[in-house]
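Take a look at the structure below.

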2 protein chains.
Amino acid sequence: MHRTKVKVAEDALDANTTIAAANRADFDRQGVRVVNFMSAPGAGKTTLLERVLGQVDARVGVLEGDVQGSADADRLSALHLPVVQLNTDPGFGGECHLDANMVRSALGDLPLGEIDLLVIENVGNLVCPAEFRVGEDARVMVSAVTEGEDKPLKYPLMFRTCELVLVNKVDLLEHLDFDLDRFLYNLEAVHPGVEHMLVSARTGEGTEAFRDWLGAAARATPAATA
Amino acid sequence: MHRTKVKVAEDALDANTTIAAANRADFDRQGVRVVNFMSAPGAGKTTLLERVLGQVDARVGVLEGDVQGSADADRLSALHLPVVQLNTDPGFGGECHLDANMVRSALGDLPLGEIDLLVIENVGNLVCPAEFRVGEDARVMVSAVTEGEDKPLKYPLMFRTCELVLVNKVDLLEHLDFDLDRFLYNLEAVHPGVEHMLVSARTGEGTEAFRDWLGAAARATPAATA
């Protein structure tokens with residue numbers, strides 16, 4: 001069973017790559033830059049977006065991926081941005097990630113002609129979301145200091161394939177045994193030179209840098225790969 | 001593509017159920033009770049096991065599931081218990097969960113005749129591990145208060161299919177905006193009546209109850225279902 005399953009998974013990844021390229025072509029045609037935003041459950045993705053999206057110097061839309069419910073989309077709707085919720089639970093008792101086809105199915109509901117930047121908030125998971133391109137220009141991941149220093153070593157693909165790592169919940173550092181130097185050493189080991197920012201979604205510390213990064217991403221020339 | 005993938009996933013789940021039953025028969029024959037231990041990344045599974053496994057009133061073995069590396073198994077080896085590491089990265093760029101066949105592949109390395117209780121520490125993920133039975137008698141999940149109150153609503157299958165929920169990192173409650181009553185309300189909404197314990201792996205608070213629960217699980221009569 002295991003061998004068969006792996007083969008099927010590879011076919012699924014091939015199909016995913018094809019559809020991701022089609023998404024990418026559509027985004028490029030409309031002049032929309034796309035950020036795939038990922039983390040473990042509860043790392044603070046939505047709270048970070050609540051904090052910065054209203055202040056980004058660009059027209060922003062959001063695609064919210066969740067297994068079930070629309071709690072995060074409801075929170076972000078308060079920012080008066082176009083927000084579309086995508087639930088993954090019709091498939092497989094709940095898919096643990098967004099794939100290119102799911103994103104494609106939502107494109108018709110997004111006002112692509114009226115936005116410069118689309119932020120896709122992926123399902124909270126450090127494994128499979130990293131394996132599925134959805135047509136994004138850049139990947140941003142959030143790693144909360146409450147999760148421990150070992151996460152880059154345990155989930156290397158996620159940390160290796162992103163352009164920016166937000167180290168969140170730094171307001172709690174004084175109450176934790178978390179060794180920030182060790183975390184950054186582990187991060188550098190799996191993804192040498194990757195950009196990182198220390199932030200607190202709760203206090204706002206460091207989040208201006210993320211806001212500006214998103215603004216720059218919205219104005220960037222498209223990357224060469226899908 | 002999506003429809004095809006779902007069909008394949010259902011076939012894989014059928015095969016998984018068959019193999020889980022075979023695992024279960026082997027465990028029963030050897031008189032071993034099995035706990036499937038799950039959580040999001042960084043919720044504190046390994047630290048909780050470090051805290052209690054040496055004091056459980058039973059002979060305990062551990063199967064450690066990780067995408068990559070043996071950091072957690074190395075930590076638990078210090079307890080002088082039989083520990084076997086299972087890495088999921090040969091498949092699919094890293095499987096996000098353990099399935100029954102992966103567990104089966106490790107049974108030969110486990111001294112089943114010499115233990116009463118096997119704790120299977122699953123891959124850190126709140127979605128797919130809940131979908132794959134591995135032959136366990138009981139499921140225990142850890143939800144850290146740093147992850148927020150909304151997790152039961154966002155990952156309902158995980159919270160719904162476990163026998164015990166450990167609410168971890170309660171030593172941090174005074175530094176968080178976490179509303180414990182709201183979390184417990186959400187938990188009750190998705191899994192009415194499920195047992196829960198408030199614990200801190202870091203300070204040890206509440207962990208004696210988990211230690212005793214594991215001891216009782218080791219002496220329990222096998223449940224009727226695989």
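## From one threonine to the core

Leaving aside residues up to four places away in sequence, T46(A) touches D72(A), R75(A), L76(A) and E121(A). Contact here means heavy atoms within 4.5 Å. This is a predicted model: local features need pLDDT of at least 70, side-chain atom pairs count only at pLDDT 80 or more, and totals for chains, interfaces and linings use all residues. Residues are numbered from 1 along each chain as its sequence is written, chains are lettered from A and ligands numbered from 1 in the order in which they are written, and side-chain values use heavy atoms, with hydrogens and water left out.

T46(A) sits in helix α2 (residues 45–52) of chain A. Helices (H or I, at least four residues) and strands (E, at least two) are DSSP runs, numbered from the N terminus. Is T46(A) buried or exposed? It counts as buried, at 5% relative accessibility. Buried means under 20% relative accessible area, exposed means over 50%, and partly exposed lies in between (1.4 Å probe, protein chains only). The side chain of T46(A) also makes a polar contact of 3.1 Å with the side chain of D72(A). A polar contact is a pair of N or O atoms within 3.5 Å; within protein, one must be able to donate a hydrogen and the other to accept it, and residues adjacent in sequence count only if both atoms are side-chain atoms.

Now the sheet. Chain A has an open sheet of seven strands with parallel pairing, in the order β3-β2-β4-β1-β5-β6-β7. Its edge strands are β3 (83–87) and β7, each pairing on one side only. The twist averages 20 degrees from one strand to the next. Two strands pair if DSSP finds at least two bridges between them. Strands β1 (residues 33–39) and β4 (residues 117–121) of chain A run parallel and are joined by five bridges. In β4(A), I120(A) is the bridge partner of N36(A). Helix α2(A) lies across β1, β4, β5 and β6 of chain A, at about 140 degrees to β1(A). Axes are lines fitted to C-alpha atoms, for helices over the stretch in contact, and angles run from 0 to 180 degrees between N-to-C directions.

Next comes helix α7 (residues 180–190) of chain A. Its buried residues are L180(A), F183(A), N186(A), L187(A) and V190(A). They fall within an arc of 125 degrees seen down the axis of α7(A), so they line one face of the helix. The arc is that of the directions from the helix axis to the C-beta atoms. The face turned away from the buried side carries the exposed residues D181(A), Y185(A) and A189(A). D179(A) caps the N-terminal end of α7(A), with a side-chain oxygen 3.1 Å from the backbone nitrogen of D181(A).

Which residues touch the most other members of the largest nonpolar core? They are F159(A) and F159(B), in a core of 52 residues. A nonpolar core is a set of buried Ala, Val, Leu, Ile, Met, Phe, Trp, Tyr and Cys residues joined through side-chain atoms within 4.5 Å.

One last pair deserves a table. Most residues other than glycine have a negative phi.

| Residue | Phi | Relative accessible area |
|---|---|---|
| K169(A) | about 70 degrees | 12%, buried |
| K169(B) | about 65 degrees | 12%, buried |
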